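Subject: Structure handover

Hello,

Here is the structure for you to look over. My notes follow below it.

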Amino acid sequence: MPRWDPTLYLAYESERARPFLDLVARVPIAPRTIVDLGCGPGHLSAVLRARWPEATITGVDSSPEMVAQALRENADASTRYEQGDIAAWAPPEPVDLVVSNAAFQWVPDQLEVVPRLRDHVAPGGVLAFQVPDNHHEPNHTLLREIAGRAPYAEHTTGLATVRTVSPATYLDLLVDDAWDLDVWGTTYYHLLEGEDPVFRWIAGTGARPVLQALPPGLREEFTEEYKAALREAYPRKAYGTVLPFPRTFVVAKRRV
Ligand SMILES: C[S@@+](CC[C@H](N)C(=O)[O-])C[C@H]1O[C@@H](n2cnc3c(N)ncnc32)[C@H](O)[C@@H]1O
């Protein structure tokens, strides 16, 4: 697992929050209990609170840095945060809404873990999540290609593989008579400002395992090579740099 840097991650806070807003808007219940798996630095709890003022919210994240940031910023008595692993998560009682934004791709056996999470959803409750569907996008193919070459490959084997999933895969996986499914995909066209914005974006998330595995010296060399390739794949225009970002959404409601 990479070490997370909440400040770097929050550099694109509003762009990263947008899919969560779109996800939450489609949740068709009024939950009393909410658990946000892979909650990150806790900035998205405000979205949940705005929609459901009375709910009890628990954020779970495996990163001590992210949980510490969430606890530092929290002023809401009905919101708590705890460190925990999504793959091992088991609440004391079923939860009305289990929600997750851009986190399941980090769980190594996502396609086995996510269906099991349904066991923790109360009757009439919802499992709602968003995962990136971008492993074919140039920022990821270039990361794999460059990390796979000498002299980087010996340090980065297996680290540039993201586990993003398409809407169709999740639909196939989760179809079940006991659940109503709402599954869709959206490509966001983020308009980013400044120098090397696609690198800055991915350095806060998907490229972290590779960057952290490279020793000093090689890391800088890799960074320059990767940035140059990204500049070619995502040319800077007069109005900024466009980062297309496909994402998968699932809202699964348990029938009563
Ligand atoms: C891209 S961030 C998303 C944060 C937040 N949900 C958001 O949308 O801004 C991914 C988060 O998932 C967390 N994470 C990754 N693997 C995890 C796991 N197995 N269990 C719990 N959290 C995990 C990371 O620590 C990180 O905070």
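The crossing of helices H6 and H11 is right-handed, meaning that the near helix is turned clockwise from the far one by less than a right angle. Helices here are DSSP runs of H or I with at least four residues, strands are E runs of at least two, and both are numbered from the N terminus.

Before the rest, the ground rules. This is a predicted model: local features need pLDDT of at least 70, side-chain atom pairs count only at pLDDT 80 or more, and totals for chains, interfaces and linings use all residues. Residues are numbered from 1 along each chain as its sequence is written.

**Helix pair.** The axes of H6 (residues 138-147) and H11 (residues 218-233) come within 10 Å and cross at roughly 145°. Axes are lines fitted to C-alpha atoms over the stretch in contact, with angles from 0 to 180 degrees between N-to-C directions. From H6, Pro138, Asn139, Leu142, Leu143 and Ile146 meet Phe222, Glu225, Tyr226, Ala229, Leu230 and Ala233 of H11. Contact means C-beta atoms, placed from the backbone, within 7 Å. Nine of these residues are nonpolar, one is polar and one is charged. Nonpolar covers Ala, Val, Leu, Ile, Met, Phe, Trp, Tyr, Cys and Pro; charged covers Asp, Glu, Lys and Arg; the others, Gly among them, are polar.

**Backbone.** Most residues other than glycine have a negative phi, and most peptide bonds are trans. Check these spots:
- Ala150 and Pro151 are joined by a cis peptide bond, omega about 5°. Pro151 sits in the loop between H6 and helix H7 (153-156).
- Ala102 has a positive phi of about 55°. Its place is the loop between strand S4 (95-101) and helix H5 (110-117).
- Asp196 has a positive phi near 45°. Asp196 lies between strand S6 (179-192) and helix H9 (197-203), in the loop.

**Cores.** The largest nonpolar core has 40 residues. A core is a set of buried Ala, Val, Leu, Ile, Met, Phe, Trp, Tyr and Cys residues joined through C-beta atoms within 7 Å. Buried means 20 or more other C-beta atoms within 10 Å of a residue's own. Leu97, Val98, Val126, Leu127 and Ala128 have the most contacts inside this core. Strand S5 gives the most to this core, with six residues. A second, separate core of 20 residues includes Val198, Ile202, Ala207 and Ala213.

**Ligand.** There are 20 residues around the ligand; Gly38, Gly40, Ser63, Asn101 and Trp106 come nearest. The cut-off is a C-beta atom, placed from the backbone, within 6 Å.

Best wishes

Methods: Two residues are in contact if their C-beta atoms, placed from the backbone, lie within 7 Å. A residue is buried if 20 or more other C-beta atoms lie within 10 Å of its own, exposed if 12 or fewer, and partly exposed in between; C-beta atoms are placed from the backbone.
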